[in-house]
Amino acid sequence: MNFISKLSVAVATGGYIGKIAFAPGTFGSLPGLLLYWVMAQMHTGYAVVLTLAVIAAAVWSAGRAEAVMGQKDPGAIVIDEIAGMAVVFVGLPLSWPLAVSGFVLFRIFDIIKPFPVGWLERRFDGGLGVVIDDVAAGLICRVILAAALAVLPAGFG
């Protein structure tokens, strides 16, 4: 395996977090909380650019890692969860209630795959197919959290 193949697998597995045998998607979503903390420290415009960069890196690495691993969307690929979590939290203020709510909501939507999440997963192949459903799940969660921030007491955000 050449350097680029090794790099793609390392990125796609979230630094090999995805190799954890039990619940790799859940463990793979945890770095998204660190990304949330980082994004909350920066201007929203920079956080959007960072999120787009993570999505682009996810599409590239997931597609390449699929080929290296010889499987379609193997469970060890968790960069899609990290990208989805970035979408959940981009532009949100840092708070524990948001972190927990966003994490739990994202895992639920990533697992149950309501329309259009599941449809998107089936519609696309390669790296885009691996990542697009998580980005869609992240967008749904982001909308829910934004609505919650608009109607719940200030302590939520």
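Student: In this predicted model, does Ser-5 count as buried or exposed, and at what relative accessibility?

Tutor: A residue is buried when its relative accessible area is under 20%. Ser-5 falls under that cut-off, so it counts as buried, at a relative accessibility of 9%.

Student: Where is Ser-5 placed, and which residues does it touch, not counting residues up to four places away in sequence?

Tutor: The place of Ser-5 is in helix α1. Once residues up to four places away in sequence are set aside, Ser-5 touches Arg-64 and Val-68.

Student: Is Ile-77 buried or exposed, and what is its relative accessible area?

Tutor: Ile-77 is found in the loop between α3 and α4. The limit for a buried residue is under 20%. Ile-77 is therefore buried, with a relative accessible area of 2%.

Student: Which residues are in contact with Ile-77, leaving aside its neighbours within four places in sequence?

Tutor: One of these residues is Glu-66, which stands 11 residues from Ile-77 along the chain, with 8.2 Å between their C-alpha atoms. With the neighbours within four places left aside, the residues in contact with Ile-77 are Ala-12, Ala-62, Ala-65, Glu-66, Met-69 and Val-130.

Student: How many residues of helix α4 are buried?

Tutor: Helix α4 covers residues 79–89. Its buried residues include Ile-79, Gly-84 and Phe-89. What covers the buried residues of α4 includes α1, α2, α3, α5 and α7. The number of buried residues in α4 is 11 of 11.

Student: Which residue with a positive phi follows α4, and near what value is that phi?

Tutor: Helix α4 ends at residue 89. The helix is followed by Gly-91, whose positive phi is near 80°.

Note on methods
Residues numbered from 1 in each chain as written. Predicted model: local features only at pLDDT ≥ 70, side-chain atom pairs only at ≥ 80, totals over all residues. Heavy atoms only, no water. Buried < 20%, exposed > 50% of the residue type's maximum accessible area, 1.4 Å probe, protein only. Helix = DSSP H or I, 4+ residues; strand = E, 2+ residues; numbered from the N terminus. Contact = heavy atoms within 4.5 Å.
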